Amino acid sequence: MAKRVKILVVGDLMLDHYIWGSCDRISPEAPVQVVKINNETYTLGGAGNVVRNLLSLGANVSVASVLGDDEAGKKIKEKLAELNVKDELILTEKGRESSIKSRIMASHQQVVRIDKESVVKINLEDELVLKVKENLANFKAVLLSDYGKGVLSEKVCQEIINECVRLNIPVLIDPKGSDYSKYKNATLLTPNKKEASEATNLKIKDKAELEKAIKQLKDELNLTYSIITISEEGIALYDDKLHIFAAKAKEVFDVTGAGDTVLATLGYMLATGADIKEAIKIANLAAAVVVAKIGSATASFSEIEQLLNSSFGANFEHKLKTVEELEEILSQKDKKKVVFTNGCFDILHAGHVKYLARARELGDLLVVGLNSDASVKRLKGETRPINSQDDRACVLSGLGFVDYVVIFDEDTPLNLITKIKPDVLVKGADYKDKEVVGSEIVKEVRLIDFVEGKSTTGIIKRIKDAKNDDKK
């Protein structure tokens, strides 16, 4: 699933410094703990955590920033080098203090944090913008990670955003502060509910206020997509209306860095050509992975897929698509051989499962067109379907070899086939010597034998016969 797309991160790089120790007494000088130091560790923080998340997803990452000419700045570059991230877009400003956050940890509990940093606007705005612009065309997405430490000034943000717009490169921003004007014309921002409330001067307490705030951000800042992360509820998106994508977290141990994970995942997905709704769904899963870990964590695609496959409900939401969503997704999979079949699949049985498994073997992706309830009723009679279209779609989505399910309302899938343009059209062997709807659109039609004695009609008949026997 992972692709080596090139992504640029611009923002406030920090160094997270942990001093690990033990404590077994109180100081005689003051009522404070005495910590005996056992170990010290360093890791990248701030925009560096976005870098780490992108690397975990499989991206090829570069970073642009301004550091001080100090030991913390050198250490940040060392940590980037350990991750094989080049620092050619990082400038050094004389007299500036690089951000370092030192945490004293006693028996795995944080006792105190000591910050040393500069938070004033950088002096090298023009130089940083020039560096970025000279290399911008090499990237599929740009992520601005703003921690309010002075790197992402209004001038830096606007010049980079406008150049990204000119080059048609997605530019995503994790915002800081209450004045978002410097982010105008970006692809999207990722504020949480509290941040969005402060930026819009609206109290977001219910769905109506959420919609008002998210629309206001989109209109005032001319965003391509307007997003607000809503913690345990998930992620909200506004296009022509409000959409809520439910969170996937089952266990929450630590939310540290979850915002960086969401930003990184959205940026990565858009860089690979995914649509915004697919990107949000994957970002929700990535967030679920990291909040189940301790500390600023990252999520890999293997972990995301494991979470996806472990949840039947997640499979259902991930696989069930509208015709428009599916059309967009498949248009970006030009190297994939798409197989299509359709049916009512009213009571899923062994015959269905074997048929679908064989269909999947004919290509790289299997799309199942599912007759809607109204369509089944017209085809099978007033007593059908036995199971609703949502229930039938849910069961089909639980099959590992089914990649996507799409519900259609017509009597035939001709309109659906015309839109998604599959490579292979699969039908049952009973279509031999018959005209197969959509055959003129696809490259190949394949007929598969049904399993003898297995049918929904037969199952219903046996149930009725058994019921009649019970009455005798």
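This is a predicted model: local features need pLDDT of at least 70, side-chain atom pairs count only at pLDDT 80 or more; totals for chains, interfaces and linings use all residues.

Colleague: What does the secondary structure of the chain come to?

Modeller: The chain has 16 helices and 19 strands. Its C-alpha atoms fill a box of roughly 90 × 55 × 45 Å along the principal axes. Buried residues make up 51% of the 472 residues.

Colleague: How do the contacts in the chain with a separation of 6 or more divide?

Modeller: Residues 24 or more positions apart account for 68% of those contacts.

Colleague: Let us turn to the sheets. What is the order of the four strands in the mixed sheet?

Modeller: The order is β3-β2-β6-β7, and the sheet is open.

Colleague: What makes β3 and β7 edge strands?

Modeller: Each of them has a single partner strand. One side of β3 (33-46) and one side of β7 (109-116) are therefore left without a neighbour in the sheet. From one strand to the next, the twist averages 20 degrees.

Colleague: How do you know that β2 and β6 pair?

Modeller: Two strands pair if there are at least two bridges between them. Strand β2 (residues 13-26) and strand β6 (residues 99-106) have eight bridges, in the parallel sense. For example, Gly21 has Ala106 in β6 as its bridge partner.

Colleague: Which helix packs on this sheet?

Modeller: Helix α2 (residues 71-82) does, touching β2, β3 and β6. The direction of α2 makes about 105 degrees with that of β2.

Colleague: Which strands form the open sheet of six?

Modeller: They are β5-β4-β1-β8-β9-β10, in that order, with parallel pairing. The edge strands are β5 (89-93) and β10 (188-189), and each pairs on one side only.

Colleague: How do you know that β8 and β9 count as a pair?

Modeller: The cut-off is at least two bridges. Four bridges join strand β8 (residues 141-145) to strand β9 (residues 171-174). Leu144 has Ile173 in β9 as its bridge partner.

Colleague: Which helices lie across strands of this sheet?

Modeller: One is α1, which lies across β1 (6-11), β4 (60-68) and β8. It runs at about 165 degrees to β1. Another is α2, which lies across β4 and β5 and runs at about 175 degrees to β4.

Colleague: How does α7 pack with α8?

Modeller: Helix α7 and helix α8 (residues 276-291) pack at about 145 degrees, with their axes 8 Å apart. This crossing is right-handed. The residues of the contact divide into 14 nonpolar, two polar and one charged.

Colleague: What makes β18 largely enclosed by the rest of the structure?

Modeller: Five of the five residues of strand β18 (residues 424-428) are buried, so β18 is largely enclosed. It pairs in the parallel sense with strand β15 (residues 338-343) over two bridges. With strand β19 (residues 444-448), β18 pairs in the parallel sense over five bridges. Val424 stands opposite Val339, and Glu444 in β19 is also a bridge partner of Val424.

Colleague: Is Asn371 buried or exposed?

Modeller: Buried means under 20% relative accessible area. Asn371 has 3% relative accessibility, so it counts as buried. It is found in strand β16 (residues 365-371).

Colleague: What does Asn371 touch, beyond residues up to four places away in sequence?

Modeller: Its contacts include Asn342, Gly343, Cys344, Arg392 and Phe408. Glu410 and Asp411 are also among them.

How values were computed: Residues are numbered from 1 along each chain as its sequence is written. Side-chain values use heavy atoms; hydrogens and water are left out. Axes are lines fitted to C-alpha atoms, for helices over the stretch in contact, and angles run from 0 to 180 degrees between N-to-C directions. Contact means heavy atoms within 4.5 Å. Buried means under 20% relative accessible area, exposed over 50%, partly exposed in between (1.4 Å probe, protein chains only). A crossing is left-handed if the near helix is turned anticlockwise from the far one by less than a right angle, and right-handed if clockwise. Ala, Val, Leu, Ile, Met, Phe, Trp, Tyr, Cys and Pro count as nonpolar, Asp, Glu, Lys and Arg as charged, and the others, Gly among them, as polar.
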